[in-house]
Amino acid sequence: MGEAANTIYELLSYVSEKEWFEFKENWYHADELGQYISALSNSAAIVGKSYAYFVWGVNDKSHEIVGTTFNFDQDVNHEPLKHYLARQLKPDINFMFEEVTMEGKRVVLLTIPAAKTVPTSYAWERYIRIGSSKENIKKYPERESWLFYVLGHGVPTIENTPAEYQDLTFDKLLIYYYTKNLKLNPDTFKKNLSLYTEDGRYNMMAQLLSDDSHMNIRIALFAGKTKADRLIAVREFGNQCLLYSLDDVLRYGDILNIMQADERDRIVERKEVPLFDNDAFREAVINAFAHNKWVSGLEPMISVFSDRIEILSRGSLAPEQTMEGFFAGESVPVNRKLSEILLQLHISEKTGRGVPKIIQSYGREAFEFRENSIVVTIPFYWLKDMDGEEKTEERNETEDRRKAEGRSKSEDRGMAESRNTAGNRGKDEDRDRTEESNKTEQDELPKSELNRTQERVLSEIRRNPNVTKAGLMDILHLGKTTIDKAIAMLKQCGYIRRVGSNRTGYWQTL
């Protein structure tokens, strides 16, 4: 597969369009395309991307590859399109059209270099992207000022951004290193750890590592499954050296992770079962601290619900990172120097083990990429429900189906009674129902005719319609062939159907 196709597949892996790429099918207007080039080039510079992209042959809603008839070799008023665009773009940027075949369909990729020293303009006007919209930057003077700042000073980082507070002390940092059998030189550690901006002021990283980071990490505990439920408590771990805050949060995770006595199939010793995978929780928290967008002034946020923990970090992936690389465990730090310090203190490692460890435990579905944040969900594994009854695998799946269909337990009991009553009716009525069901074009098979594996796959799809086959393999610990056969049977029996493409679609239960 060529580099252009790899780039397009990487763009397709995002849930929605970003400021630095655009999808179209056959759309074309020469001057508006020039405006798009200006907008995408400037927006790529703001978010730290080296390139922006315009793709023809992809539906901008479903992200399905549909093919295109767009011809980039056409003329505009007897002038080649490429020359027509280049003549009106200032400064000169080396944009490039490429044609590729993907899934048997023609797709065109336009690669646009990010603005470097001055904004990119078209026909003497500068444009920018706001969400997925293209706008003249003159309408947004603050964004224009920010673009010039980024082009002059670079994308803000915790190293080049001055600290909000300059009267900082570092006694706790020195002690922390000492407890790790490492010694900082009191005279040189500030320079060695890059705690100054170029003009000699303390930077944002210095504030984070100081005795008072002025950052308050909160863990909120809710009685139910949403933030609309009763707030039980809020624990605060902050306003100290960030390293201590991180340790405190990890220790509190140990308190949350209660051990449950598993008496099932007990022969001699009972088994202790944790509420969640502590290694996955630890990796998620460390990653949230290491890659949080601290320059925004916002801290990571941890929410504990009755069935899960959500760990939210601000910002997005590092500009050089790709979605494929992220899931593969390729380490590209958002905060480079802070990541080096965590590595030096043996808090984290550079093997890229964190994300694969979370995926191994909970699948890719544990990660949610929002517009300005990344959320990792750590689900709980309760051996008993809130009524004290054991939650066997069969009981869990029954309850999942009930919740997915919006039924209460009392409604389930009512349905069970109705089924029992129906079971006592005469054989003639059963025969009538059978004959009526046979009239449908596609009969729905009784649940009893699905095997255990098919039931598990169906239950997981009902729980998460966006789950992928790879996700099902991770969650259910089944092989690809087994998953493929189960899905084929569920489709054939009319339980599910696929809506949209394999990459961006979802499952619909019938």
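# Briefing on a predicted 510-residue chain

Among contacts in the protein chain between residues at least 6 apart in sequence, 64% join residues at least 24 apart. The model is a predicted one, and its protein chain holds 18 helices and 20 strands. Of the 510 residues of the chain, 45% count as buried.

**Helices H2 and H4**

- The axes of helix H2, which spans residues 30–46, and helix H4, which spans residues 141–153, come within 9 Å and cross at roughly 60°, and the crossing of H2 and H4 is left-handed.
- On the H2 side the residues that meet H4 are Asn42, Ala45 and Ile46, while on the H4 side their partners are Trp146, Leu147, Val150 and Leu151.
- The residues of this contact between H2 and H4 divide into 6 nonpolar and 1 polar, with no charged residue.

- Ser43 lies in helix H2, and Ser43 counts as buried because its relative accessibility of 2% falls under the 20% cut-off.
- When its neighbours within four places in sequence are left aside, Ser43 is in contact with Glu19, Ile128 and Arg129.
- Phe54 has its place in strand E2, which covers residues 51–56, and Phe54 counts as buried, with a relative accessibility of 0%.
- With neighbours within four places in sequence again left aside, Phe54 is in contact with Glu22, Lys24, Trp27, Leu33, Tyr36, Leu40, Val108, Leu109 and Leu110.
- Phe54 and Ile37 are 17 residues apart along the chain, and their C-alpha atoms are separated by 8.2 Å.

**Helix H11 and its packing partners**

- Helix H11 covers residues 336–344, and its buried residues are Lys337, Leu338, Ser339, Ile341 and Leu342.
- These buried residues of H11 pack against helix H5 (171–179), helix H6 (189–192), helix H7 (204–209), helix H8 (242–256) and helix H9 (278–291).
- His346 follows H11, and the phi of His346 is positive, near 60°.

**The six-stranded sheet**

- An open sheet of 6 strands, with mixed pairing, runs in the order E12-E11-E15-E16-E18-E17.
- Its edge strands are E12, residues 231–238, and E17, residues 367–369, each of which pairs on one side only.
- Neighbouring strands of this sheet are turned against each other by 15° on average, with direction ignored.
- Strand E17 and strand E18, the latter covering residues 373–379, pair in the antiparallel sense over 3 bridges, and Phe369 stands opposite Ile374 in E18.
- Helix H9, which is also among the helices that the buried residues of H11 pack against, lies across strand E11 (216–222), strand E15 (301–304), strand E16 (308–314) and E18, and H9 runs at about 20° to E16.

**Cysteines**

- A search of the whole structure finds 0 disulfides.
- Cys241 counts as buried at 0% relative accessibility, and Cys493 is likewise buried, with a relative accessible area of 5%.
- Both cysteines are classed in this way because their values, 0% for Cys241 and 5% for Cys493, lie under the 20% cut-off.

**Backbone details in loops**

- The peptide bond from Lys90 to Pro91 is cis, with omega near -10°, and Pro91 lies in the loop between strand E5 (89–90) and strand E6 (96–102).
- Asn77 is a residue other than glycine with a positive phi, near 55°, and Asn77 lies in the loop between strand E3 (75–76) and strand E4 (79–80).
- Asn77 counts as exposed because its relative accessible area of 68% is over the 50% cut-off.
- Ala123, again a residue other than glycine, has a positive phi near 50°, and Ala123 lies in the loop between strand E8 (121–122) and strand E9 (125–130).
- Ala123 is partly exposed, because its relative accessible area of 36% falls between the cut-offs of 20% and 50%.

How values were computed
Residues are numbered from 1 along each chain as its sequence is written. This is a predicted model: local features need pLDDT of at least 70, side-chain atom pairs count only at pLDDT 80 or more; totals for chains, interfaces and linings use all residues. Side-chain values use heavy atoms; hydrogens and water are left out. Axes are lines fitted to C-alpha atoms, for helices over the stretch in contact, and angles run from 0 to 180 degrees between N-to-C directions. Helices (H or I, at least four residues) and strands (E, at least two) are DSSP runs, numbered from the N terminus. A crossing is left-handed if the near helix is turned anticlockwise from the far one by less than a right angle, and right-handed if clockwise. Contact means heavy atoms within 4.5 Å. Ala, Val, Leu, Ile, Met, Phe, Trp, Tyr, Cys and Pro count as nonpolar, Asp, Glu, Lys and Arg as charged, and the others, Gly among them, as polar. A disulfide is a pair of cysteine sulfur atoms within 2.5 Å. Buried means under 20% relative accessible area, exposed over 50%, partly exposed in between (1.4 Å probe, protein chains only). Two strands pair if DSSP finds at least two bridges between them.
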